[in-house]
Amino acid sequence: SKKYRPYPQIDLPNRRWPNNVLTKAPIWLSTDLRDGNQSLIDPMDIDKKLKMFDLLVQIGYKEIEIGFPSASQIEFDFVRKLIEEKRIPDDVTIQALTQARTDLINRTVESLVGAKNAIVHVYNATSPLFREVVYNKTKAETVEIAVKGIQDIKAALAALPADVCAQTQWRLEYSPETFSMTELEFSKEICEAVMSEWGATPDNKVILNLPTTIEVATPNVFADQIEWMHTHLANRESAIISVHPHNDRGTGTACSELAILAGADRVEGCLFGNGERTGNVCLVNLAINLWSQGIDPEVDYSNINEVIRIAEECTQLPVGARHPWAGELVFTAFSGSHQDAIKKGLTRQKDREAAADGDTIMWEVPYLPIDPADLGRSYEAVIRVNAQSGKGGMAYLLERDYDLTLPRLLQVEVARAVQVLADDTGRELSSEQIHEVFVEEFIER
Ligand code: KIV
Ligand code: ZN
């Protein structure tokens, strides 16, 4: 067994947040089937949606946004199928998005009937740009839309037969869309109006989802906005503060992590950062970041290759070779100095594990922030040889695949011969090719 440690522990006298390291997993929400799906070239068909849903459940997500059921028949039918075919585990909550419009809210509630746990997620845009350019609404009218949305949800639930309504644990999520471009005082006003209309209490919390619908500032600015809401919101104990970072500036992960440090309770995102434009924050990245600091992310990525395979099949979007933690090359070293350090570290780690006699020891291997085996990755890909590599890499492959331990001086000679072939081909060399060079140049000659 092994452990990871939270880096860094810096003791600054006037530290902004009392605890500058993450200490526990947030509540996760996957919006792969909603924000992710709505941005695909070819949206998922029902089979793919089911596959994605099952994958999310298998990974361990307990809150899953399953679509926008009032937007199309296929979205509606999918929700009904999940419920009627009893495919939703009892500890999983499904969430459905709707605009704050009566007809859409009624249809959304209708789609969710019979689910054990459901969140109705209602939103309207709140920033000046959207109020003025898109909706031509004043601030007061914008608050009215949100409050009317909550009234409509309450009315739709009240209109259900009592026994039907009681089958479901109903919860509310409200998103002031474009939150990060909205005046903070106004965000507070509209969120408080929503909470009051719903009758939020600590036992009946409203999820306030504060999105960077479009990422427009550095992550510290978003964290300041979250901290401000966290410290200024009336009746804070009756709200769950959720964030929904998009990745327009490439800082969705930083926004999420800083937002948690600043007081957020929950994060919405997608596997491998699918979602509108540059995507939602990547849930895989966030979870394994926690894991790499010794914090249980409460989701299971111990078979990352299978997660990639299913996600790629459902979305038709390839996971990049350098995607954090998941890409094909992220645990691979080609360069000689890196290979040498990794080889020494892996050998030392093995010796320490053998000596530890079952006790937990820290993972300490240069250039490998976590053990690839934690994600179900083999060590085969860690050291690969091309013209950038030195003697360490080829010696490692000969030892691993051919049980050949070369003395140091011979390593230098063999590496020289291997280098000639690598330069000639300009390509990566397999261990078979390296072995052939060794046999031809040093055994048969
Ligand atoms: O990005 C966004 O603001 C959204 C909302 C609907 C939550 O997706
Ligand atoms: Zn979004």
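Predicted model: local features only at pLDDT ≥ 70, side-chain atom pairs only at ≥ 80, totals over all residues.
Local features were taken at pLDDT of at least 70 and side-chain atom pairs at pLDDT 80 or more, whereas totals for chains, interfaces and linings use all residues. Residues are numbered from 1 along each chain as its sequence is written, and chains are lettered from A and ligands numbered from 1 in the order in which they are written.

The protein contains 16 helices and 10 strands (DSSP runs numbered from the N terminus, helices being H or I of at least four residues and strands E of at least two). Its C-alpha atoms fill a box of roughly 90 × 55 × 50 Å along the principal axes. Of the 445 residues, 41% are buried (20 or more other C-beta atoms, placed from the backbone, within 10 Å of the residue's own). Among contacts between residues at least 6 apart in sequence, 73% join residues at least 24 apart; two residues are in contact if their C-beta atoms, placed from the backbone, lie within 7 Å. An unreviewed UniProt entry lists residues 26–305 as "domain: Pyruvate carboxyltransferase"; such annotations may be inferred rather than shown by experiment. This span is 45% helix and 19% strand, and its end C-alpha atoms lie 24 Å apart.

Ligand 1 is surrounded by Asp35, Leu97, Tyr123, Ser175, Glu177, Asn209, Pro211, Thr213, His244 and His246 (C-beta atom, placed from the backbone, within 6 Å of the ligand). Strands β6 (169–177) and β7 (206–212) each supply at least two residues of this shell. The unreviewed UniProt entry gives Asp35, His244, His246 and Asn280 as "binding site". These positions are spread over 246 residues of sequence, yet their largest C-alpha distance is 10.3 Å.

Asp35 is in helix α1 (residues 32–38) and is buried because it has 23 C-beta neighbours inside 10 Å. Leaving aside residues up to four places away in sequence, Asp35 touches Cys270, Gly275, Glu276 and Asn280. His244 belongs to strand β8 (residues 239–245) and, with 29 C-beta neighbours inside 10 Å, also counts as buried. With the sequence exclusion of up to four places, the contacts of His244 are Ser175, Asn209, Pro211 and Glu268.

Helices α9 (residues 219–232) and α10 (residues 252–261) pack at an angle of about 35 degrees with their axes 8 Å apart; axes are lines fitted to C-alpha atoms over the stretch in contact, and angles run from 0 to 180 degrees between N-to-C directions. The contact is made by Pro219, Asn220, Phe222, Ala223 and Ile226 of α9 and by Ala254, Cys255, Leu258, Ala259 and Leu261 of α10.

Definitions and conventions: Buried ≥ 20, exposed ≤ 12 C-beta atoms within 10 Å, placed from the backbone.
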